[in-house]
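User: I am new to this structure and would like to know what stands behind the words used for it. Please set each value against its definition.

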Amino acid sequence: MKQILKKKFIISVLQIFILGLIFGISYTQDPLYTSNQHTKFLQGLAKASNGYLNKDWLANTLDPLPAFTFLVKITYAYFHQNFFYFYYILIFGIYVYSLLGIASVIFKINTSRLKLLIYFLLILTIHCLQIRIFDFKTHVHLHYGLAEQYILGGYFQPCTFGVLIIFSIHAFLRKKSFLAVLALGIAATFHPTYLPSAALATLAYMILTYKNEKNLQKSLLIGTFSFILVLPVVSYMTITFKPTSPELFQISESLLVNRIPHHSFPDIWLTEPAAPIQILVVAIALYLLRKTKLFFILFFPFATATILTIIQVFSSSNTLAFLTPWRVSAFLAPISTCMILAFILAVVFDRYHLWIRQYKKSIEIFSVIAIYLFILSGVGKQLEKLTINQEDTPIIMEYVKENKQAGDTYLVPIASGKFVDFRIVTGAPILINLKSHPYKDIEVIEWHDRLLMAQQFYDNSGIAQCQALQNLIDKYQITHVIIENNDSVNCLGVEKTYIDNLYQMYRVIDN
């Protein structure tokens, strides 16, 4: 028995790896380090002694992602940063493996090799074939959730652990309840914002277990096991980010949700052209699944999120906006899209099985060629991404990377997308930027204060600019200032040390 289980496990792991490799090459990854990675990886890289990042203020704020930070630290310190690409390949594999598994349970996609092959091709198509209809992008919005919440994006980050929620649903449908709950616990541990999703999924499992098996003890055990798994991360988040005071917490909460209104406020993200279509896709999927085991697992979080979203709209609650109950759409959307595809495929095979049997070989060849073309296209896009990333890095960052010293702190343009990369590319601490922020209330307020002081420098000129700079030097020991070439700093105590076609840098000499 143990040998059989071991063999099944090895086969599953190989399937996950092969599926992940094919899907990952076709889907592509953005180069390290991109966008959110500059926030999510910062503390892990700082702890792994990347340059002088351990002296950066943000890198020393309270960590909202301790498990992910640990993974980044261990990987960077003891392996190689390219392992982050490999992790994402595994996540891709779990994603596809789970979707294939769910479709197999619900619509019997695994009854023939051809069905599985075509279904895999369809999954590749909706994720990789870039079709744009006005503002609706099929390769994005058919698997993204509402308010730009998603599981799979262009790069590895904490939210990608949401694939374990999909895997959990697959495991539960396979009657592996405790494996399902374990997957939820891991997802929530690596990305605590999945705690509400994990709680809703667990409750759905408990209700279904009691309803279908009339086993109250097992139902309670599922809930207890889930609680034990998430207790460490719940305790950590509760204790670490406990409000310093109600007033300070309210201020910080308002600052954070207003920084990202497209994530936080339904009256904004509901106006996006893709939102009604995404909601419609989930509604259609729920209708098609209404007589299946999967229906309640999806309907329960959907209904809960809908109710909480309506409450947020009428109450304008910043707390609900911060908790983003609509994040459940990040896993509802891809499952719904793929279940609709599975339903259509099952109907086609049922109605046209004689014709399909007649042309089986031709359909198989076409499907394999199409998958191969997705892989070739992915290779080309991946090479292009790597090339563009190298060309897009401002030259000044290479200079700072080679010439930084211990004790340096750089003032960089706070809202410039070009300087989001600065910390990790150079390994040098900065004062602040708009992209990356802490989560503890008093630290959020400090982050905002730093932004305002930096903005005073960049928005002014002459005496006002020099006074703003002196305030930054006195309070934060700024050592270097970077500005665009069409500006200048005519202040005492600074000297120009670098200039290129885009930027110039000044060093504080009277610090």
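**Terms and values**

Analyst: Helix 6 and helix 18 make a right-handed crossing. This is a predicted model, in which local features need pLDDT of at least 70, side-chain atom pairs count only at pLDDT 80 or more, and totals for chains, interfaces and linings use all residues. Residues are numbered from 1 along each chain as its sequence is written, and side-chain values use heavy atoms, with hydrogens and water left out.

User: What makes the crossing of helix 6 and helix 18 right-handed?

Analyst: The definition looks at how the near helix is turned from the far one: anticlockwise by less than a right angle is left-handed, clockwise is right-handed. The crossing of helix 6 and helix 18 is of the right-handed kind. The axes of helix 6 (residues 113–128) and helix 18 (residues 329–351) cross at roughly 145° and come within 10 Å. Axes are lines fitted to C-alpha atoms, for helices over the stretch in contact, and angles run from 0 to 180 degrees between N-to-C directions. Helices here are DSSP runs of H or I with at least four residues, strands are runs of E with at least two, and both are numbered from the N terminus.

User: Which residues make the contact between helix 6 and helix 18?

Analyst: Contact means heavy atoms within 4.5 Å. Helix 6 contributes residues including L114, Y119 and I126, and helix 18 contributes residues including T337, M339 and F349.

User: Why is T28 called buried?

Analyst: Buried means under 20% relative accessible area, exposed over 50%, and partly exposed in between (1.4 Å probe, protein chains only). T28 has 2% relative accessibility, so it counts as buried. T28 lies in the loop between helix 1 (2–27) and helix 2 (37–40). Leaving aside residues up to four places away in sequence, T28 touches F92, G154, G378, K381, Q382 and K385.

User: How do you know that the side chains of T28 and K385 form a polar contact?

Analyst: A polar contact is a pair of N or O atoms within 3.5 Å; within protein, one must be able to donate a hydrogen and the other to accept it, and residues adjacent in sequence count only if both atoms are side-chain atoms. The side chains of T28 and K385 are joined by such a contact at 2.8 Å.

User: Is L256 buried or exposed?

Analyst: L256 is buried, because its relative accessibility is 4%. L256 sits in helix 12 (residues 246–259). The C-alpha atoms of L256 and F322 are 7.7 Å apart, although 66 residues separate them in sequence.

User: What makes a set of residues a nonpolar core?

Analyst: The members are buried Ala, Val, Leu, Ile, Met, Phe, Trp, Tyr and Cys residues joined through side-chain atoms within 4.5 Å. The largest such core has 138 residues, and Y119, L152, I169, Y205, L294 and M339 touch the most other members. Helix 5 (residues 83–107) supplies the largest share, 17 residues. A second, separate core has 13 residues, among them I396 and Y410.

User: Why is strand 6 called largely enclosed?

Analyst: Five of the six residues of strand 6 are buried, so the rest of the structure largely encloses this strand.

User: How do you know that strand 6 pairs with strand 4 and strand 5?

Analyst: Two strands pair if DSSP finds at least two bridges between them. Strand 4 (residues 480–484) and strand 6 (residues 503–508) share five bridges in the antiparallel sense. Strand 5 and strand 6 are also antiparallel, with five bridges. The open sheet has four strands in the order 3-4-6-5, with mixed pairing.
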